[in-house]
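This report covers selected side-chain contacts and secondary-structure pairings. The sequence and the structure are shown first.

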Amino acid sequence: MPRTAVSTLVSPVPRAADSDRRRTSASVVLRSVLEHGPVARSTIARLTGLSPASVTEHCARLTELGLIRESAQPRRSGGVGRPHLPVDLDDTGFLVGGVHVAVPYTTVALLDLRGRVVARRELKHERTDPGWVLARAAEGLSGLLAGVPGRRPLGVGVAVGGWVDRETGSVVEHELLGWREVPVREVLGARTGLPVHVDGHARALVNGERLFGRARGSGSVLHLFVGNVVDAAFATHDEVHHGPRSAAGAIAHLPVPGGSEPCPCSRTGCLQVELSERTLCRRARAAGVIGSANPMHVVAAAAAGDAVARRLLVERSRATGRAAGLLLDVLNPETVVVTEVGVIHFEDCLSALREAVGTHRAAAVLPTSFPDSVLAVAAGSVLLDVLFRDPLDVSPEDI
Ligand SMILES: [Zn+2]
C-alpha cells in the first residue's frame, strides 16, 4: 500500500514498524498455508487474526513471488458469486539446496517448499579439508539441479555439526573434521552463486521438526542428535536458542552417568565419546558382530536377529535417554525429538530411551520425523526457516 509523503515525514518510526509488521504478517500467512493448505483465504484470516483484506494482499504478493498458488479444486460457496479458490504452497517451481556435512561424508539434496526431499546424493569424504569438501558439495548440488530442469533454487542451507556461528555463516570449530574458523557461507556462495545460510545441524533439525515434522505447534522442543557428533538444540515457540556466537547446545562433554569411555578431553564418560557411532561400531567389532565401521551394519545385524547387536543398540538408546533426562531437568520442554539410529529402527530402543528419560514424561519423547532423510532435511531446513520467517525477502530478481 503506498504511503503519503506527509506520513513519511511525520512518522518515520511507525513507518519502520509498519514494514516489520508487513514482513511478520507475510510470514504468518505463508506458515498458515504450509500448515493448512489448501486453505481458503477466509480461513487464514480466521486462523491468524489478520483482516481478510490483509490476507488477500499478502496472498497476492506471495503468489507473485511464486511461493503459493491457487489450488486446482475450486470450492463453491452456495453456488453464487466467484468460485472460492483455496491457496496452497507452490511446490512446482522453487527448490532449496541442502548441504549437510557429516564426518565421513557430505549429503547434498534438493527440497521443495514443504521440506520434502526431491533429490539427494551422498559424497564420501576422500579428504576432509574445507576447500575440498565444499567444492565437491557445490559440484554435487549443480549435478542435482541439472536433473530437474525448470526448477529454480532459492538458495542453499548448510548444516554442520560442531560449533557453527549462524550470524557469520562460519564453522567456528568442528573437532572431528579438524575445521576451525571456516567461512562456509562465503566459500559456498562464491561457488554456487546462490544465497547461503549456515547453521548447526541440531538447530537445523529443530527447525525441520517445527516446520515440517511432529513438533509443529509444540510450545517448546528439545532436539537431541546422536550420531558421531552428539549435540542438542532447544526452541521455544518459533525461536531456537543460539546464545552468543551460537554456542548453545554444545553437550559433547556432558558427563553420562555410568560412562566408561576415555575422552580426548582427558575425562571419562563424556556424552559424545560414550554415544558416538564410532564407539558403537568399535564395541560391535569387539563383540564380533560386524567387521566394519558402519553403524547401519549393526542395525542390519540386529534386524537379522543378532541378540548382541540388539543389546548394544538398546544400551546406547538407554544411555541416550539418561543424557536426555539431564537436559529435560534443565529445560523442561513439551516435546523431545531424538535422532538416533537405534530409536529410529527398533521399538525396544525407543522404549529403553523413554524408560531412562523417566516414565512420567515419556509421552513427550519422539523419534525423528524424518527417519529416511534426516540429514537432507536438516540442511534444507536452514534455508526454509529463513524463507518462512521472511518470505518477502525472497525475490526472483535476487536469484
Ligand atoms: Zn570429554
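Strand 8 (residues 170-174) and strand 9 (residues 179-182) run antiparallel and are joined by three bridges. Strands here are DSSP runs of E with at least two residues, helices are runs of H or I with at least four residues, and both are numbered from the N terminus. Two strands count as paired if DSSP finds at least two bridges between them. Opposite Glu-173 stands Arg-180 of strand 9. The hairpin has four residues between its strands, and Gly-178 takes a positive phi near 75° there.

This is a predicted model, in which local features need pLDDT of at least 70 and side-chain atom pairs count only at pLDDT 80 or more, while totals for chains, interfaces and linings use all residues. Residues are numbered from 1 along each chain as its sequence is written, and side-chain values use heavy atoms, with hydrogens and water left out.

An open sheet with mixed pairing holds five strands in the order 13-12-11-14-15. Strand 13 (239-240) and strand 15 (365-367) are at the edges; each has a single partner strand, so one side of each lacks a neighbour in the sheet. Helix 13 (residues 347-357) packs on the sheet and touches strand 14 (335-340) and strand 15, and its direction makes about 155° with that of strand 15. Such angles run from 0 to 180 degrees between N-to-C directions, with axes as lines fitted to C-alpha atoms, for helices over the stretch in contact.

Within the sheet, strand 11 (residues 220-226) pairs with strand 12 (residues 230-236) in the antiparallel sense over seven bridges. Val-221 stands opposite Ala-235 of strand 12. In general, strands of a sheet pair through backbone hydrogen bonds, either parallel or antiparallel.

## Salt bridges

How many salt bridges does the structure hold? The total is 23 salt bridges, where a salt bridge is a side-chain nitrogen of Lys or Arg within 4 Å of a carboxyl oxygen of Asp or Glu. One of them joins the side chains of Arg-203 and Asp-199 at 2.7 Å, N to O. Arg-203 and Asp-199 are both buried, a class defined by under 20% relative accessible area, with exposed set at over 50% and partly exposed in between (1.4 Å probe, protein chains only).

Another salt bridge links Arg-389 to Asp-385, with the closest N and O atoms 3.0 Å apart. Both residues lie in helix 14 (residues 374-389), four residues apart, which is about one turn of the helix. Arg-389 counts as partly exposed because its relative accessibility is 32%, whereas Asp-385 is buried at 5%. Elsewhere, salt bridges with shared partners join Arg-69, Asp-88, Asp-90, Asp-91, Asp-112, Arg-114 and Arg-116 into one network.

## Surroundings of Arg-210

Arg-210 is in helix 7 (residues 201-212). With a relative accessible area of 3%, Arg-210 is buried. Its side chain makes a polar contact of 2.9 Å with that of Asp-385. A polar contact is a pair of N or O atoms within 3.5 Å; within protein, one must be able to donate a hydrogen and the other to accept it, and residues adjacent in sequence count only if both atoms are side-chain atoms.

Apart from neighbours within four places in sequence, Arg-210 is in contact (heavy atoms within 4.5 Å) with residues including Arg-31, Ala-235, His-237, Asp-385 and Arg-389. Arg-210 and His-237 are 27 residues apart in sequence, and their C-alpha atoms are 8.8 Å apart in space.

## Aromatic pair

Which kind of pair do the rings of Phe-212 and Phe-388 form? A search of the whole structure finds one aromatic pair. The ring centres of Phe-212 and Phe-388 are 6.2 Å apart and the planes are at 70°, so the pair is edge-to-face. Rings of Phe, Tyr and Trp (its six-membered ring) pair if their centres lie within 6.5 Å; planes under 30 degrees apart count as stacked, over 60 as edge-to-face and the rest as tilted.

Phe-212 is in helix 7 and Phe-388 in helix 14, so the pair ties together parts 176 residues apart in sequence. Both Phe-212 and Phe-388 are buried.

## Glu-261 and Arg-283

Glu-261 lies in the loop between strand 13 and helix 8 (271-275), and is buried with a relative accessible area of 8%. The side chains of Glu-261 and Arg-283 are joined by a polar contact of 3.0 Å. Not counting residues up to four places away in sequence, Glu-261 also touches others, among them Cys-270, Val-273, Glu-274 and Arg-282.

Arg-283 forms a salt bridge with Glu-274, in which the closest N and O atoms are 3.1 Å apart. Arg-283 is partly exposed at 29% relative accessibility, while Glu-274 is buried at 8%.
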